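Please have the model open while reading this note.

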Amino acid sequence: MTPTVRPTLWRAIGALMLREMTTTHGRVPGGYLWAVAEPLAGIALLSAIFAIGFHAPALGISFPLFYATGLLPFLAFSDITGKLAQALNFSRPLFAYPAVSVFDAILARFILAVLTQLAVASLLLAGILFLSETRATPDLAVLVQAAGLLAVLSLGVGMMNCLLIGLIPLWQRIWSIAMRPMFLISGVFFTYQSIPLPWREVLWWNPLTHVTGLVRRGLYPGYDAPYASPVFVLALGLGFALLAGIGLMRWHRDILSDL
């Protein structure tokens, strides 16, 4: 059974990934490269603009690097969760084929979005480290850990949003409103230690604060980020993914019939 199921599964996921790449950027010269180039150029431009206005970062000597280490996790989380939330609606015509399941659609969008965000982050950080003085010492093991935790967290939250939007369409607007202050409270412009009590304890419950701390631990020598808890982020992501998976197995037919 397994030898026949696995090739079919990965063929379906591969086909869904190729479909998204051609659908979103297939008619544009350069194709899917724009999915990397657009956010890369946008983040680079924002980093340059903020570097002019803020000459002294809260950590290190390079404001573009400090800003990027906070912005990249936030934008990656926003992009991946947004893609997963709309996975069923995006692949709705394909669910008429027995070989395509709701989990194939979610996994295909997840893999493609993660690979895209990894490319954006790698190119941007490499460019900053190469073109400017940062005194950063990249720790690849810590950076890989941070990326893995962010991927798991985004998968869990994205699947949960996919389920909730299917059951309660109003949830999409509620989530959009809830995400607006997240840009300000996810450590993009500040370090966790710089926030006074008791607000620091409140920010601890924001999982992106932990991911941002780990990214900065992986780039800034001497910055330990002792508050960062990989266990908390991993448990949150896996917990949401498990609950959403159970919910999608239970209600996916009802959700698809209402799309």
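The points below cover a helix packing, the aromatic rings and some backbone details.

1. Basis. This is a predicted model, in which local features need pLDDT of at least 70, side-chain atom pairs count only at pLDDT 80 or more, and totals for chains, interfaces and linings use all residues. Residues are numbered from 1 along each chain as its sequence is written, and side-chain values use heavy atoms, with hydrogens and water left out.

2. Packing of α3 on α6. Helices here are DSSP runs of H or I with at least four residues, numbered from the N terminus. Helix α3 spans residues 63-85, and its axis lies 7 Å from that of α6 at an angle of about 35 degrees. Axes are lines fitted to C-alpha atoms over the stretch in contact, and angles run from 0 to 180 degrees between N-to-C directions. The crossing is right-handed, meaning that the near helix is turned clockwise from the far one by less than a right angle.

3. Residues of that contact. Contact means heavy atoms within 4.5 Å. From α3 come Pro73, Ala76, Phe77, Ile80, Thr81, Leu84 and Ala85. Their partners in α6 include Leu150, Leu153, Val157, Asn161 and Ile165. The contact of α3 with α6 has 13 nonpolar residues, four polar and no charged. Nonpolar covers Ala, Val, Leu, Ile, Met, Phe, Trp, Tyr, Cys and Pro; charged covers Asp, Glu, Lys and Arg; the others, Gly among them, are polar.

4. Asn161. This residue sits in helix α6, residues 140-167. Is Asn161 buried or exposed? It is buried, because its relative accessibility is 2%. The cut-offs are under 20% relative accessible area for buried, over 50% for exposed, and partly exposed in between (1.4 Å probe, protein chains only). Leaving aside residues up to four places away in sequence, Asn161 touches Ala85, Trp171 and Trp175.

5. Aromatic pairs. There are ten in the structure. Rings of Phe, Tyr and Trp (its six-membered ring) pair if their centres lie within 6.5 Å; planes under 30 degrees apart are stacked, over 60 edge-to-face, and the rest tilted. Phe63 and Phe66 are tilted because their planes are at 50 degrees, with centres 6.5 Å apart. They are three residues apart in helix α3, so about one helical turn separates them. Phe63 is buried at 6%, and Phe66 is buried at 0%.

6. Phe183 and Phe189 are edge-to-face, 5.6 Å centre to centre with 80 degrees between the planes. Phe183 is partly exposed at 24%, as is Phe189 at 28%. Ring pairs join Phe63, Phe66, Tyr67, Phe74, Phe183 and Phe189 in a cluster.

7. Charges over rings. The test is NZ of Lys or CZ of Arg within 6 Å of the ring centre and within 35 degrees of the ring normal. The charged end of Arg216 sits over the ring of Phe66, 3.9 Å from its centre. Arg109 lies over the face of Phe90, 4.2 Å from the ring centre.

8. Backbone. Most residues other than glycine have a negative phi, and most peptide bonds are trans. Please look at the cis bond between Leu197 and Pro198, with omega about 5 degrees. Pro198 is in the loop between α7 and α8. Arg135 has a positive phi near 60 degrees. That residue is in the loop between α5 and α6 and is exposed at 61%. Ala225 also has a positive phi, near 50 degrees. Ala225 lies in the loop between α9 and α10 and is buried at 0%.

Conventions. Helix = DSSP H or I, 4+ residues; strand = E, 2+ residues; numbered from the N terminus.
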